[in-house]
Amino acid sequence: MSKKKAHAQPPEKLTGIELKKIPKSAVGAKAIQSALAHMNKEIGIKDSIKLLANLNQMDGFDCPGCAWPDPDIKRDFLAEYCENGAKAVAEEATKNRVSPVFFATHSVAELSELSDFEIGKKGRITHPVVLKEGANFYEEISWNDAFKMIANELNVLESPDEAVFYTSGRTSNEAAFLYQLFVRQFGTNNLPDCSNMCHESSGVALSETLGIGKGSVTLDDFNHTDLVIVIGQNPGTNHPRMLKALSETKKQGGKIITINPLPEVGLMNYKDPQNPLKWFGKGQELTDLFLQVKINGDVALLKIILKLLAKKETEKPGSVFNHDFINEKTIGFEAFIEDLNSYSIEELLPQTGLNLDTIQEAANLIVEKEKIIVCWAMGLTQHKNAVDNIQEIVNLLLLKGSIGKKGAGTCPVRGHSNVQGDRTMGIWEKPKDSFLDSLEKQFNFKAPRKHGYDVVEAIEAMYKKKAKVFFAMGGNFLSATPDTEYTAKALQNCELTVHVSTKLNRSHLIHGKKALILPCLGRTEIDQTENGDQFVSVENSMGIVHQSKGSIQPASEMLLSEPAIVAGIANETLINSSVNWLELASNYDQIRDLIEITIPGFENYNKRVRQKGGFYLPNNARNNDFSTTNTGKANFSLNKPSSITLSKNQFLMMTIRTHDQYNTTIYGLNDRYRGILNERRVVLMNPDDMKENGFHKLDKVDLFSHFQGEVREAKSFLVIPYDIPKQCTATYFPETNVLVPIKSKALKSNTPTSKTVIITIKKHDENS
Ligand SMILES: Nc1nc2c(c(=O)[nH]1)N[C@H]1C(S)=C(S)[C@@H](COP(=O)(O)OP(=O)(O)OC[C@H]3O[C@@H](n4cnc5c(=O)[nH]c(N)nc54)[C@H](O)[C@@H]3O)O[C@H]1N2
Ligand SMILES: Nc1nc2c(c(=O)[nH]1)N[C@H]1C(S)=C(S)[C@@H](COP(=O)(O)OP(=O)(O)OC[C@H]3O[C@@H](n4cnc5c(=O)[nH]c(N)nc54)[C@H](O)[C@@H]3O)O[C@H]1N2
Ligand SMILES: [Mo]
């Protein structure tokens, strides 16, 4: 039987758009209603209540959604969750099942014709399955045979560097530690992770300037700050519980500046979902000043603000900058001022799309403030000059001495719920020597020293057949990465692709010669071994390590935990390993003991992780100590504005998330806060641009991206007039990842430039 080709991209079919008025306020009763509707549909009301009662409680499980922290002390019953956290739980705890019978009746090619929404809704995978060479259908395989198959493929490689081991950010500390130990004992540092596409730029920028790749603030800092700047982030959708922290800032008299090409509703007005009395009426205004910057205009904007501050400082020395801090704690101030002086406001202003009066207002708000927190996410990290974006923020904080004290500092808001913990555990293609030294000492083996592939390099290596086995611990590599068709070829070039997954996704359908899906337990589920019920631990966005314990029966008796899967593979693959893998996987306390002796900051891990609320990891920047940088002080840096110039018919496109998705997991088809319902194939455009280019509301168009003479296309999108700066457009990912060129990435961090794609837009061609 000839093999039908599977589709790497979701179908172009439109789903029946409905446009609604954009709501004036976020969260409130509507959010609770939406959360319960999703949960009820997937799991029924009884189990929903049980799950929500445990979500983010001290002895419950950590939300599989974002990495926003929980309150240190007080946690309200049935209250420490948000609409989108509830959706994440519903998605995992769904009653629907993908069984071997399902796979026997649906070929891979047939499944690939479904939308990502439809694929995700099929339910939890119940058994390990294999796709044999040339086969059209996945079929059941025993765990042992699956482990043996992986071990065989790994052990015939000419070099361990021909294997790639990806991690998404939900993997627990315990699983991540075992996983990287296995990979390094196997002999490679090829450990790319979702961070490479996410906050890598933050890690690079912060390490260079402040000597720690993580943020410095705690949740409590939001109660003590004068000013929060939220830049390049949409917390109303992606970190809804952050709105509560912002609301506290406002209640304490603090101000909020928002910098974004879109007036995201969640940042404008908020209704506390936990306070029914506030559901009706006007809600609380959050943003005091909204700067509607052009895409990638942030460095230009920040430079103008810094110039205005410097001018004021010159007029009245000591009134704006904190010279004691600058003298004692930093290096490079003079060079920074000299560089700043080389830019003129006139040349910078057009990049921002703003008028100078508005920017002056922002500068006025900053002038007198001593305690400033800056929060950011993907709006800053996914550009060519992403590292510059973040380092310019650091410059601002250093000038004000606004770091290392209460109510002040850096707040990169992380994505996946344990993406930060995975890095701490050593999931990193560029491990520090000190980390490898420690591994070697504790585990008595020679760790590989050569740096491994990050995400983009891994794709290129597979494309060129330099890497032949692809293993993914979670995630949806095909759909999350750039340049979908190129990445598809890369995966198809592999001898073997393996996915440890909870749910079916498109990465299972675009596979190597052979493929395996290994179904694992999720956060919500009881994890029982011969040593009794186990719990895992995770690190949130503010460096707090705490436990997470599932409470419902696993989706299938055949599921294994992630640690058990790693142990099974390691046990088959490694001959003469110094580690008793199977024993470790049966008792997570033992894994934590090993983490404790290997990684600094985990002293008394087993004891402290059992304390209510967990424990904070050390954080030098929080303690006003910058001795870990290359100069021993906090470094000012010289940063460059965007270098992109558009020709007349070109637009910049940012690929963003709707309110109804978690990365590539599509919960539903609505983007409620943007008034766009039941359709994902849309392009948000400035009404004047539409007029000038002859487009009307709901016109069907095709999108073409342009990079170094290469053209990529994505067809069939509906034009939506939207409040967005000129020459800026927005689309949803993953539908438009096909337009993100593999070679277009951030300097230094190698992060794909998913927020700056140069496109042209044409009326849809029905004949092509
Ligand atoms: N419900 C839900 N929660 C999530 C996720 C999810 O998909 N769904 N994903 C998780 C993950 S992994 C991550 S990393 C985070 C992502 O969280 P966000 O970064 O908030 O997610 P995006 O949708 O990418 O939104 C980027 C925001 O930046 C703005 N922006 C884009 N380009 C620019 C620019 O050049 N300058 C400025 N100033 N702003 C810009 C966009 O308008 C948008 O408001 O959320 C996490 N939480
Ligand atoms: N164009 C564009 N592309 C982007 C982005 C963007 O803004 N624009 N954002 C980027 C960002 S910030 C990120 S972080 C990446 C995300 O990239 P990934 O982390 O690779 O993608 P996800 O969609 O989060 O992965 C979802 C899959 O994870 C599996 N899963 C869920 N829970 C578990 C679990 O507990 N264990 C295991 N083993 N598997 C589980 C399920 O099978 C599910 O299908 O995407 C990036 N891609
Ligand atoms: Mo992310």
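This is a predicted model: local features need pLDDT of at least 70, side-chain atom pairs count only at pLDDT 80 or more; totals for chains, interfaces and linings use all residues.
Local features need pLDDT of at least 70, side-chain atom pairs count only at pLDDT 80 or more, and totals for chains, interfaces and linings use all residues. Residues are numbered from 1 along each chain as its sequence is written, chains are lettered from A and ligands numbered from 1 in the order in which they are written, and side-chain values use heavy atoms, with hydrogens and water left out.

Start with the domains. The protein chain splits into domain 1 (115–193 + 436–612), domain 2 (200–412) and domain 3 (651–763). These bounds come from an automatic or database domain assignment.

Next, the interface of domain 1 and domain 3. Their C-alpha centres are 32 Å apart. Contact (heavy atoms within 4.5 Å) links 18 residues of domain 1 with 18 residues of domain 3. Together the two domains bury about 1,500 Å². That is the accessible area (1.4 Å probe) lost when the two parts are put together, summed over both. Carbon and sulfur atoms give 56% of the buried area. On the domain 1 side, F117, V456 and D483 lose the most area to domain 3, together 35% of what that side buries. D483 also pairs with R712 in a salt bridge, with the closest N and O atoms 2.7 Å apart. The rule asks for a side-chain nitrogen of Lys or Arg within 4 Å of a carboxyl oxygen of Asp or Glu. It finds 1 salt bridge across this interface.

Now the largest pocket. Its space is about 1,200 Å³. A pocket here is an open set of points on a 1 Å grid over the protein atoms alone, with protein on both sides within 12 Å along at least five of seven lines; lining residues have an atom within 4 Å of a point. Grid points are joined across faces, edges and corners, and the volume is the space filled by probe spheres set on them. The lining has 36 residues, and I212, G213, K214, W428 and K432 are the closest to the centre. Domain 1 and domain 2 each supply at least three lining residues. Among helices (DSSP runs of H or I, at least four residues), α9 (200–210), α20 (419–424) and α21 (433–443) each give at least two. The largest share, 5 residues, comes from α9.

Finally, the backbone. Most residues other than glycine have a negative phi, and most peptide bonds are trans. N576 is not a glycine, yet its phi is positive, about 60 degrees. N576 sits in the loop between α25 (562–573) and α26 (581–586). The peptide bond from F733 to P734 is cis, with omega near 15 degrees.

How values were computed: On a 1 Å grid over the protein atoms alone, a cavity is a set of points where a 1.4 Å probe fits but cannot get out, and a pocket is an open set with protein on both sides within 12 Å along at least five of seven lines; lining residues have an atom within 4 Å of a point.
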